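Hi,

Here is the model I said I'd send over.

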Amino acid sequence: MEEIGMKPLEGVTVLDLTRVVAGPYATMILSDLGARVIKIENPKDPDYTRDFEPYLVDGEKKQSAFFAQYNRNKQAITLNLKEEKGKELFRELVEKADIVIENYRAGVMDKLGVGYEDLKKYNPKIVYTAISGFGQTGPYSSWPAYDNSGQALSGLWSMNGMPGEPTRIGTIIGDLAATFFGAIGTLSAYIHAQKTGEGQLVDVAQLDSSLALTENAVSNYTVGGKVQTPLGNDHPLCRPYGKFKAKDGEVFFGGYTDRFWKTTCEFFGEPELLSDPEIDTMPKRFDEEVYERRVLPKINEWFSNYTCQELQDALADKLPLTAIHAIDQVLEDPQLNAREMFIDYTYGSAQGKLFGTPIKLSKTPCDTSGKAPEIGQHNQEVYKEFLGLSGSEIERLREKGVL
């Protein structure tokens, strides 16, 4: 077996001031890639996802599975940045770190006196990533935000759902988008810092990130004059392309091109449809009236005789057709399991599965084996290593509410 070298981010130290998802997921990506991520929590107000159900229960102890999903491979310390001594200790940590990531509302860190402009005095090379609802500038920058805020203002909400019923996308898509753009921006700034010795502020907004997921809605309006509205399971440019009923469930079928339509007609034993002058080309089949009258009834007739698995087994390697799975079926999917997208996570005697990482590196694979830390679990180790504090000094600081 080929020997695995250093992890891509081995030797990089990240100070993680984030909570919930957008920040913790971004820092977890960095930790999976080998960075040393130190999660810093206020001892009086830690990451409140620690209390999100369901729990992994080990005797008298328990850990939120939600928290574990986004905080593996991290160390955890406590530090109260509202205390002057806490600010002093944080600045000393920054002097020895490479990256700081926070997801407070814009201006909060500046008010505390430990924003980017302050910290770069202590470490000019520091990469400071701020993930927030609306960014560090603009008229909304001081507003609080949740994922729904970004979905609402970006247009995503207005585009999703069934016709006439705009519907929130059923996952925290804005937070997740900010996660990925935050990680990309952080790594880009880190590479720049390594080349030049100059750090910078990475400003990522959930609203901006949500807008970047609206596909061609902006150009459709500015060039084509069309305001995107919910299409349900339809596609604005392709038919057939959507959800269809099978004998025991539903599948996605995208056989709209002439080549895929030919494969479909031949499989179901009706090749004569290929020469039917009403539906023999892709543009003709896209016509809504023709599609509803000729194409859709035929697909429904064909698919009703087969289970989802039978359709997928027969056609998935020839054209885009996949079963629409619920999450319990997803866990059993052979492709996702072959890709190691589920990891076994243990908390003492408790066990569960969490999703792994989509990043597959051939030489330096990600490590998803680490546990999520308890509050302040690594206080002794980190403060002694970075700042030279003794056990008694750490305890005195804890008693004073600094740690």
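P54 sits in the loop between β2 and β3 (55-58). Helices here are DSSP runs of H or I with at least four residues, strands are runs of E with at least two, and both are numbered from the N terminus. The peptide bond leading from E53 into P54 is cis, with omega near 0 degrees.

Before going further, the ground rules. This is a predicted model, so local features need pLDDT of at least 70 and side-chain atom pairs count only at pLDDT 80 or more, while totals for chains, interfaces and linings use all residues. Residues are numbered from 1 along each chain as its sequence is written, and side-chain values use heavy atoms, with hydrogens and water left out.

Another cis peptide bond joins R239 and P240, with omega about -5 degrees. P240 is in the loop between α10 (217-222) and β11 (242-245).

Positive phi turns up in non-glycine residues too. V20, in the loop between β1 (13-16) and α1 (22-32), has phi near 70 degrees. For E215 phi is near 55 degrees, and this residue belongs to the loop between α9 (206-211) and α10. Is E215 buried or exposed? It is exposed, at 68% relative accessible area (buried means under 20%, exposed over 50%, and partly exposed in between, using a 1.4 Å probe and protein chains only).

**Pockets and the cavity**

Rolling a probe the size of a water molecule over the atoms shows where empty space is left. The search runs on a 1 Å grid over the protein atoms alone: a cavity is a set of points where a 1.4 Å probe fits but cannot get out, a pocket is an open set with protein on both sides within 12 Å along at least five of seven lines, and lining residues have an atom within 4 Å of a point. Grid points are joined across faces, edges and corners, and a volume is the space filled by probe spheres set on the points.

The largest pocket comes out at about 930 Å³. It has 36 lining residues, and R19, Y48, N103, Y104 and R105 are the closest to its centre. β2 (36-41), α4 (108-112), β7 (127-132), α6 (147-154) and α8 (173-196) each give two or more residues to that lining. By class, the lining holds 22 nonpolar, seven polar and seven charged residues (Ala, Val, Leu, Ile, Met, Phe, Trp, Tyr, Cys and Pro count as nonpolar, Asp, Glu, Lys and Arg as charged, and the others, Gly among them, as polar).

The second largest pocket has a volume of about 480 Å³. E215 comes back here: with M159, L231, G232 and D234 it lies nearest the centre, out of 19 lining residues. This lining splits into eight nonpolar, nine polar and two charged.

**Salt bridges**

Side chains of opposite charge can pair when their charged atoms come close. There are 24 salt bridges in the whole structure, counting a side-chain nitrogen of Lys or Arg within 4 Å of a carboxyl oxygen of Asp or Glu.

D118 pairs with R91, with 2.9 Å between the closest N and O atoms. D118 is in helix α5 (residues 116-122) and R91 in helix α3 (residues 84-95), so this bridge ties together parts 27 residues apart in sequence. Both partners are buried.

E250 and K243 make another bridge, at 3.4 Å. Here E250 is partly exposed at 26%, and K243 is partly exposed at 39%.

In helix α11 (residues 258-267), K262 and E266 are four residues apart, which means a separation of about one helical turn. Their side chains meet at 2.7 Å, N to O. K262 is partly exposed at 40%, and E266 is also partly exposed at 40%. Salt bridges with shared partners also link D276, E278, E289, R293 and R294 into one network.

Cheers
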